[in-house]
Amino acid sequence: MRWNGKPLFQPAGGFRMTLRTIRTSWLLLALTLVLASSAMSISLAEVAAPEQAQDAAQDAIRLAQANPPNRKFADGVLTTVPMQYEAKDTFSQTEQYQDIIKGIPNLKWTPNFMSESRTLEAMASKVIFRRDVWGLEFSFKPVRMLEVGVPQPSGKLQKKLIWYMVYKVTNHGEPLRRVPVKDKFDNVRYEVKQIEGLPSAPIRFFPRFVLEAQDTKVKKEYLDRIIPAAMEAISQRETGGTKLYNSVEISRFDIPVTTEDQDNSIWGVVMWEDVDPETDFFSIYIDGLTNAFRWSDKDEQYDASADPLTYRQYQQKTLKLNFWRPGDRLDENEREIRFGAPGQVDYEWIFR
């Protein structure tokens, strides 16, 4: 039957062509899904790869890049203080572990099948804490002064005399390590020594500089300041334009070990403002050059439920530099500042 010259129904052959078309469509759809899944796996791998690359890049960023000065200094301009390692810094004196002795009830008991020295109370009564000790070498240029315009809250600039010191920190590696050694009776004792050739890890330097005026009417201490307005002028004057890190920037990096072939030292600058012009004798305390520390508990203030910092006092090994400035409050001049002071050592390591 026809309508306007066209068949009203499709012949059987036409119906078979439709089935082939459907079958072909399913095959194309399956092939598309396979290709899509492959592309997805590739895209996931590509997504994971940048994350791994980013981790590697972050590790590289965390390693500080050396910033040597653009000019060479004359002999005697840079003063170097080597790290002072001491074996006693690797262990604490015999202490009572207060958190156990007073923090856990009912520790007193008499054992029947072992020595009383093996009870928790006895072992916590005589505890020695041991640790490896690392250190950084500290070098510095003379303390100098620079007048710069410092922005004020009002938005105006105020001229201030900035005291500053350019310094260098170097990681020579070879920390002081505690090495367990057994004697002929299998008793363990510890030897403390530096092991040459053993790989050493990079060190993160978290500095804290305090300038203490010693001869003013009232004892004054000045924390270091970050003064962006002075950074460029100081770097041009001291290093020929090489970027110097401030106390925050320098703490963002791990300082690699310096070798005979590669100097990985990092240069920074510390600044102070509003220093009393009547200061004649002052000291600079530098924390963060080593992980050596001491601690002690105050028995009368112990509270098991309290924050340990309320009854525990920490003292960090600190480098102290002594200076002398034989001048007056009028016409302050950096040439008056001398390293070392009459009747005092030039520098010393203390705990504070």
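Trainee: What covers the buried residues of α4?

Mentor: This is a predicted model, and in it the cover over the buried residues of α4 includes β5 (144-151), β6 (157-170) and β13 (266-272).

Trainee: Which residues of α4 are buried?

Mentor: They are A230, M231, I234, S235, E238 and T239. Because these residues cover an arc of only 130° around the axis, they lie on the same side of α4. In general, an α-helix has 3.6 residues a turn, so residues three or four places apart point the same way.

Trainee: How do you know that the span of α4 agrees with what a helix should have?

Mentor: Helix α4 (residues 228-239) has 12 residues, and at 1.5 Å a residue these should span 16 Å; the end C-alpha atoms are 17 Å apart, which agrees. Just after α4, G240 takes a positive phi of about 75°.

Trainee: Why is M123 called partly exposed?

Mentor: Buried means under 20% relative accessible area and exposed means over 50%; M123 has 37% relative accessibility, so M123 counts as partly exposed. M123 lies in helix α3 (residues 120-125).

Trainee: What makes the nonpolar surface patch of about 230 Å²?

Mentor: That patch is made by I104, L120 and M123.

Trainee: How many helices and strands does the chain have, and what percentage of its residues is buried?

Mentor: The chain has 4 helices and 18 strands, while buried residues make up 34% of its 352 residues.

Notes. Residues numbered from 1 in each chain as written. Predicted model: local features only at pLDDT ≥ 70, side-chain atom pairs only at ≥ 80, totals over all residues. Heavy atoms only, no water. Patch = residues over 30% accessible without salt bridge, like charges linked within 9 Å, V, L, I, M, F, W, Y side chains within 5 Å. Areas by Shrake-Rupley, 256 points an atom, 1.4 Å probe, with all protein chains shown as cover. Salt bridge = Lys/Arg side-chain N within 4 Å of Asp/Glu carboxyl O. Helix = DSSP H or I, 4+ residues; strand = E, 2+ residues; numbered from the N terminus. Buried < 20%, exposed > 50% of the residue type's maximum accessible area, 1.4 Å probe, protein only. Expected span 1.5 Å × (residues − 1). Arc of directions from axis to C-beta. Contact = heavy atoms within 4.5 Å.
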